[in-house]
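Subject: Structure handover

Hi there,

Here is the structure I promised to pass on. Please have it open while you read, as my notes follow directly below.

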Amino acid sequence: MLRLDWISPGDDSFGTARVTTELIPALGDHAVHTRLYLLDSGEFYDRCQSLELENEVLQLTDPHWIRKGTLFRNAKALFQQLNVSQSISIHLQKAIQSFQPHAIVFQHQNLVSLVSITARRSSIPAFWLMPNYIGSGYPFDINKHVYGLLCRLGNITPLANSKGTATSLGGRWITSEVLSLGANPSRFDPTRSQHLKSKLNIPDHHPVFGMFARLVPEKGHIVFWKALLNASNPENPCHFLVCGDASDTGQVVLDELRAIAAQHQAENRLHWIPATNDPTPWYGCIDVAVNPRLDPEPFGLSVVEAMLMKKPVLAHRAGGPGDIIQDQITGWLAPEASISSFTHTIQDALKSRSEWIKMGLEGRNRALNCYTIERVASNFHRILTSKLNS
């Protein structure tokens, strides 16, 4: 039996939380025993406890340095993080010795330095499930060089969630492989959706476009809402269902959405529901799921989840959605993340309204064949055994 130590900052949410909580049990079906180490306790710890995931909270230091940006913002920040990683690594190494893992697994890019040091000291290989692109805003791509060098020194194998994420790391120091993500079809089961249009006072014949994502500007809520209003007409008064946390930045985005609705006398066509760990009942409210992220989406787990729920998906082509969605078959791909581009794509979708049910079925079949958590676990197990036996 393979033994893995999975390292988490302890505040996982959305996609990274779903990957952690769903992939660990799926790996168990492949005789992989995984112990989860959290650097801090909180809501994610409670979630792991409720799911009976074997875990240990280390609380070795204030973990908020994990969220203070990327690997570094300047030279001083870089050395500060490396110093903190050195300190934490000593304790993390002692914690994992009792389990004697064959490998270490982690997701968050700000754990690279910590895991690199720990893996090197322990002579244990590590695997980085890369959830996001490595940014290109640094002079001479120095951040990519630092990440690549740390991976090479620490014997870390980067496993990117898409081809775009893989290439963003560069290839000078180390080459990233691709491990596409997936969702749990038993959780994202169309039979779990509920007919809730009446609860939101939405007429049955009105088309509803739904978005399940964090309320932050880069997700594209505002651009898409403007496009949806442009594409609407008396025959197709489109509604927009938004599910997300309306605190801090989220409230700013929601207020802007409501202001736009008021300008167009469309207040009754904008619907907000709070973020939830189980969005499946609300899929019964929507006809089309959307992912209008403005910058390239690293993968697009929400796209896969919607496809499993038999919903066609409209998304920005850049990044993962361009690989997942079959244009005009399982959804529609907008070539640009602009109001005009989304407007034209929405109009195309409305013209093919009679095909939406068929497209939803095609989408679920594609997701079941290519993007399930079981498939991710099987592919990951294959990579693990290959790397560890080489």
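Let me begin with R293, which is buried at a relative accessible area of 13%; buried here means under 20% relative accessible area, exposed means over 50%, and partly exposed lies in between, using a 1.4 Å probe and protein chains only. Before going on, two notes on conventions. This is a predicted model, in which local features need pLDDT of at least 70 and side-chain atom pairs count only at pLDDT 80 or more, while totals for chains, interfaces and linings use all residues. Residues are numbered from 1 along each chain as its sequence is written, and side-chain values use heavy atoms, with hydrogens and water left out.

**Salt bridges**

The side chain of R293 forms a salt bridge with that of D295, at 2.7 Å from N to O. The term stands for a side-chain nitrogen of Lys or Arg within 4 Å of a carboxyl oxygen of Asp or Glu. D295 is partly exposed, with 32% relative accessibility. A network of salt bridges links R293, D295 and E297. By the rule above, the count comes to 10 salt bridges.

Another one joins E22 and R187, with 3.3 Å from N to O. E22 belongs to helix 1 and R187 to the loop between strand 7 (177-178) and strand 8 (208-212), so this pair ties together parts that are 165 residues apart in sequence. Helices (H or I, at least four residues) and strands (E, at least two) are DSSP runs, numbered from the N terminus. Both ends of this pair are buried: E22 has 13% relative accessibility, and R187 has 16%. What does R187 touch, not counting residues up to four places away in sequence? Its contacts are R18, E22, R47, R192, N277, D278, P279 and T280, where contact means heavy atoms within 4.5 Å.

A further salt bridge pairs D327 with R317, whose closest N and O atoms are 3.6 Å apart. D327 sits in the loop between helix 10 (320-324) and strand 13 (331-334), and R317 in the loop between strand 12 (313-316) and helix 10, the two being 10 residues apart. D327 is partly exposed at 31% relative accessibility, as is R317 at 37%.

**Helices 1 and 13**

E22 also takes part in a helix packing. Helix 1 (residues 14-28) packs against helix 13 (residues 373-389) at an angle of about 60 degrees, with the axes 9 Å apart. For these values, axes are lines fitted to C-alpha atoms, for helices over the stretch in contact, and angles run from 0 to 180 degrees between N-to-C directions. On the helix 1 side the residues are E22, L23, A26 and L27, and they meet I373, V376, A377 and F380 of helix 13. By class, this contact has 7 nonpolar, no polar and 1 charged residues. In this scheme Ala, Val, Leu, Ile, Met, Phe, Trp, Tyr, Cys and Pro count as nonpolar, Asp, Glu, Lys and Arg as charged, and the others, Gly among them, as polar.

**The parallel sheet**

How many strands form the open sheet, and in what order? There are 7, in the order 3-2-1-4-5-6-7, with parallel pairing; two strands pair if DSSP finds at least two bridges between them. Strand 3 (55-57) and strand 7 stand at the edges with a single partner strand each, so one side of each has no neighbour in the sheet.

Going through the pairs, strand 1 (residues 2-8) is parallel to strand 4 over 4 bridges, with D5 partnered by I104. Strand 4 is joined to strand 5 by 3 bridges, and V105 has F127 as its bridge partner. Strand 5 (residues 126-130) and strand 6 (residues 156-160) are joined by 5 bridges; there, L129 partners L159. Helix 4 (residues 112-122) packs on the sheet, touching strand 4 (103-106), strand 5 and strand 6, and its direction makes about 175 degrees with that of strand 4.

In strand 4, A103 and V105 point one way and I104 and F106 the other, and all are buried. T157 is found in strand 6 and is buried too, at 12%. Leaving aside neighbours within four places in sequence, T157 is in contact with A126, F127, W128, E177 and K387.

**Helix 7**

Finally, helix 7 (residues 221-231) is mostly covered, with 8 of its 11 residues buried. Among them are F224, W225, L228 and L229.
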